[in-house]
Amino acid sequence: MPEGLRLALCCFFLGSIYKMLSSAKEDEKYSFLAHVCYKQDIHSVLEKVISQFVINLDQAIRHKSSDTENKQAQKWLEQAYNELNKTADNLPPITELIDELKIQLRHAIPKIINANNPEKEPNYNPGMNILIGGNRLGRGVTIDGLMVTYYGRDAKQKVMDTVHQHARMYGYRPQLKDVTRLFIAEHILDSFRSIHEADEAMRQAIGDDIHNIQIQPVWIGGNLKPTRSNVLDPSVINVLVPGSLIYPQNPAYKKQEIEHTFKEIETLLINYQDNSLYAEVDIDLIIKIISHTKSYYVSSEKWEDKRIIKGLTDMKSKGMTKGRLNVRRGERNKNQGLDMPRKEPFKWMFGFGSGNWSIEAQKKYPDVPTLIICYQKGEKTTGWDDHPIYLPMLVLPKQKFVLMFNYNEDE
């Protein structure tokens with residue numbers, strides 16, 4: 001039993017009991033969905049694992065097993081109770097929930113929803129329902145009373161509309177919101193987040209006025225595809241969201257890699273010594289500065305050096321010739337450099353300095369790109385290579401455009 005699955009089930013059991021005790025409807029349905037794989041043998045294994053866990057937990061809380069197992073079950077349920085208590089304001093005492101769970105838990109029998117199941121829709125029982133599935137859950141199936149989702153479906157090639165169909169955790173269940181939980185791997189969550197950002201960016205680009213749509217739709221015959229899959233793979237498309245902050249997740253920092261271009265950047269920035277100044281500059285200067293920085297591409301990252309330069313060049317071709325430049329050298333350190341330690345990809349929370357710097361740019365200069373260049377001391381004690389380094393952060397203009405790109409570097 002994986003730790004995350006165990007916690008997910010315990011949250012579901014206690015959350016369901018809480019809702020049963022507070023609901024006036026005796027036949028209310030509450031559902032747990034495990035969607036981890038399309039393979040039917042995996043569904044069978046998962047059914048056996050969950051069934052055995054339910055049996056063992058039921059026996060433990062009813063003192064039908066050893067004291068050790070009872071204490072372990074109490075510990076697991078307390079962990080789930082503390083998790084639910086973060087969002088549920090009126091949780092009864094845990095002892096009250098467990099007393100009712102002793103009555104209800106034996107009815108929580110896992111059901112597999114896949115091609116071997118003749119039913120197109122799940123067959124629900126009043127109370128707790130544990131559903132396990134694969135492709136049958138792909139499209140068109142709505143899960144009644146979905147409370148907890150344990151999602152691990154990780155296709156090698158993600159197609160946006162298919163992933164949308166899986167995203168039932170976005171449903172409209174306000175009465176269950178305080179005990180609703182999603183258990184998901186971080187890299188899969190990143191995919192959902194990227195798809196959401198792409199959606200929001202496109203909606204923003206289109207706008208709210210249907211009589212003044214800036215993006216012209218292209219209508220294609222029903223038997224035609226927009227392009228060949230080997231030309232434009234939809235699984236590798238992403239969007240640079242207007243108004244967002246982007247920066248390289250894996251900047252080059254070894255002395256031998258950066259010492260030559262470092263001198264070039266120093267020359268370009270010699271006249272920008274005020275940490276709080278967002279100087280108006282030509283976009284050409286921003287492009288030139290970025291071209292002297294270097295980073296290594298990380299899969300699913302939005303920043304790629306050539307891609308960013310191409311995006312800025314496209315902005316310039318559309319008439320946006322000016323931007324803002326903010327050079328941060330560490331005001332508290334008397335401009336001797338910032339002390340930020342080097343981090344692994346996707347561990348940077350606000351880029352290479354304070355989040356307030358980009359917020360200020362977004363508020364004051366929303367219509368142009370702003371390059372915030374951060375001068376780090378680059379000391380070995382903080383993970384660098386004992387050589388100062390300039391790290392770029394770019395605030396995109398909040399305009400009605402979307403920079404779409406393909407992850408394939410040769411596209």
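Which residues does Glu-379 touch, not counting residues up to four places away in sequence? With contact taken as heavy atoms within 4.5 Å, Glu-379 touches Trp-384 and Asp-386. We'll come back to that spot after a look at the whole chain.

A word on ground rules: this is a predicted model, so local features need pLDDT of at least 70 and side-chain atom pairs count only at pLDDT 80 or more, while totals for chains, interfaces and linings use all residues. Residues are numbered from 1 along each chain as its sequence is written, and side-chain values use heavy atoms, with hydrogens and water left out.

**The overall picture**

The protein chain has 10 helices and 12 strands. Here helices (H or I, at least four residues) and strands (E, at least two) are DSSP runs, numbered from the N terminus. Of the 411 residues in the protein chain, 45% are buried. Buried stands for under 20% relative accessible area, exposed for over 50%, and partly exposed for anything in between (1.4 Å probe, protein chains only). If you take the contacts in the protein chain with a separation of 6 or more, 76% come from residues 24 or more positions apart.

**The parallel sheet**

Strands count as paired if DSSP finds at least two bridges between them. β1 (residues 29–35) and β4 (residues 146–151) pair in the parallel sense over five bridges. Ser-31 stands opposite Leu-146 in β4, and Ala-34 has Tyr-150 of β4 as its bridge partner. Tyr-150 also stands opposite Phe-183 in β5, and β4 and β5 pair in the parallel sense over four bridges. Six of the six residues of β4 are buried, so this strand is largely enclosed by the rest of the structure.

β8 and β9 pair in the antiparallel sense over four bridges, and Ala-279 has Leu-325 in β9 as its bridge partner.

**Two helix stories**

The axes of α1 (residues 3–22) and α2 (residues 40–61) come within 12 Å and cross at roughly 55°. That makes α1 oblique to α2 (under 35 degrees is roughly parallel, over 145 roughly antiparallel, 65 to 115 roughly perpendicular, and the rest oblique). From α1, the contact is made by Leu-5, Arg-6, Leu-9, Cys-10 and Phe-13, and from α2 by Leu-46, Ile-50, Phe-53, Val-54 and Leu-57.

Helix α9 (residues 305–317) has 13 residues and reaches 19 Å from its first C-alpha to its last, close to the 18 Å expected at 1.5 Å a residue; the expected span is 1.5 Å times one less than the number of residues. Among the buried residues of α9 are Ile-308, Leu-312 and Met-315. Just after α9, Gly-319 takes a positive phi of about 100°.

**Loop residues**

Most residues other than glycine have a negative phi. Lys-334 and Asn-335 have positive values although neither is a glycine. Lys-334 lies in the loop between β9 (322–328) and α10 (355–364), and Asn-335 is found in the loop between β9 and α10 too.

| Residue | Phi | Relative accessible area |
|---|---|---|
| Lys-334 | about 55° | 72%, exposed |
| Asn-335 | near 65° | 24%, partly exposed |

Back to Glu-379: its place is in the loop between β10 and β11 (389–395). Is Glu-379 buried or partly exposed? At 34% relative accessibility, Glu-379 counts as partly exposed. Glu-379 and Asp-339 are 40 residues apart in sequence, and 8.1 Å apart in space, C-alpha to C-alpha.

Methods
Axes are lines fitted to C-alpha atoms, for helices over the stretch in contact, and angles run from 0 to 180 degrees between N-to-C directions.
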